[in-house]
Amino acid sequence: MCGPASGLVFDLVSKSAFSFKCQACSACCYNKAIRVAPYEALRLSRSIGLTTTEFYRQCTEPGRTTLRNKPDGSCLFLTAGGCGVYFNRPLVCRLFPLGQIIGPGGKEKYGRWPLHPDCLGLLGEEETVESYLHSQGTQLYFRFDGLYAGLQKQIFRAGSRTGTQMKGNGQGDRKPSPPAKEDRFFHWMDIDATVESYCRRRGIRKPGGLEILAALYLEAIRAWLAALPPAKNGRRWEPRKTGNARP
Ligand code: SF4
Ligand code: SF4
């Protein structure tokens, strides 16, 4: 369900004919390296009664955003009855067997992953890519990803410039980046920790709703970027509008 998109031909667009009926056999829920974005971590964490801070400690590889697998290679959330977090499953599980890339100008293209040899799913052309994605509840995930992707690039650029990273507590503390590139801004990915700190400093109550939490998280990142000291050329660090945002 996830991994490099090499070999995948992105020859579909949202209006292309496509249908897929998954038979929930779970054959594809083994030996995957599923990386979750902050919004996915938020949804998953709540579905199992955790904060995102606890979620990263318990459900992802240490210091990473990749979901842990059980010793037999199965996904941590796979149960005898199938996916144990189905209504909050990650985006890649919702898209499968489709893969998506965003081309220049924000144009979306789709490709078909090869199916697992034991997959019982039924591929067809009775619907469209768009209606398939809609049926999988991808809209909120795409929306967050679109808004977050641009900010994430700015966080990386800011970190490269300052050689530091913001802690997820959002209090302006800085510490040297950990060695692994993937982990450099890991702390910033923790929505609960970031929003908690952001609200505390503003004397406001941390909201409970997931969508409001996600929105405040993005607001906290923008505030941090805006407060960065000027670069060497004297220009302030201006958060830029993200180009990928989808309605
Ligand atoms: S989250 Fe659910 S659908 Fe996705 S790999 Fe894990 S068990 Fe399978
Ligand atoms: S292997 Fe195919 S049918 Fe089975 S759960 Fe995965 S997508 Fe669905």
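Visitor: What makes the length of helix H6 (residues 191-202) agree with what a helix should span?
Guide: The expected span is 1.5 Å times one less than the number of residues. For the 12 residues of H6 that should be 16 Å, and the end C-alpha atoms are 16 Å apart, so the two agree. Helices here are DSSP runs (H or I, at least four residues), numbered from the N terminus. This is a predicted model, in which local features need pLDDT of at least 70, side-chain atom pairs count only at pLDDT 80 or more, and totals for chains, interfaces and linings use all residues. Residues are numbered from 1 along each chain as its sequence is written, and chains are lettered from A and ligands numbered from 1 in the order in which they are written.

Visitor: Which residues of H6 are called buried?
Guide: Buried means that 20 or more other C-beta atoms, placed from the backbone, lie within 10 Å of the residue's own. Ile191, Asp192, Ala193, Thr194, Val195, Glu196, Ser197 and Tyr198 are buried. The buried residues of H6 pack against H1, H2 and helix H7 (210-227).

Visitor: Why are H1 and H2 called roughly perpendicular?
Guide: Angles of 65 to 115 degrees count as roughly perpendicular. The axes of H1 (residues 38-47) and H2 (residues 52-59), lines fitted to C-alpha atoms over the stretch in contact, cross at roughly 90 degrees and come within 9 Å. H1 and H2 are therefore roughly perpendicular to each other.

Visitor: Which residues make that contact?
Guide: Contact means C-beta atoms, placed from the backbone, within 7 Å. Ala41, Leu42, Leu44 and Ser45 of H1 meet Thr52, Glu54, Phe55 and Tyr56 of H2.

Technical notes. Axes are lines fitted to C-alpha atoms, for helices over the stretch in contact, and angles run from 0 to 180 degrees between N-to-C directions. Helices (H or I, at least four residues) and strands (E, at least two) are DSSP runs, numbered from the N terminus. Angles under 35 degrees count as roughly parallel, over 145 as roughly antiparallel, 65 to 115 as roughly perpendicular and the rest as oblique. Two residues are in contact if their C-beta atoms, placed from the backbone, lie within 7 Å. A residue is buried if 20 or more other C-beta atoms lie within 10 Å of its own, exposed if 12 or fewer, and partly exposed in between; C-beta atoms are placed from the backbone.
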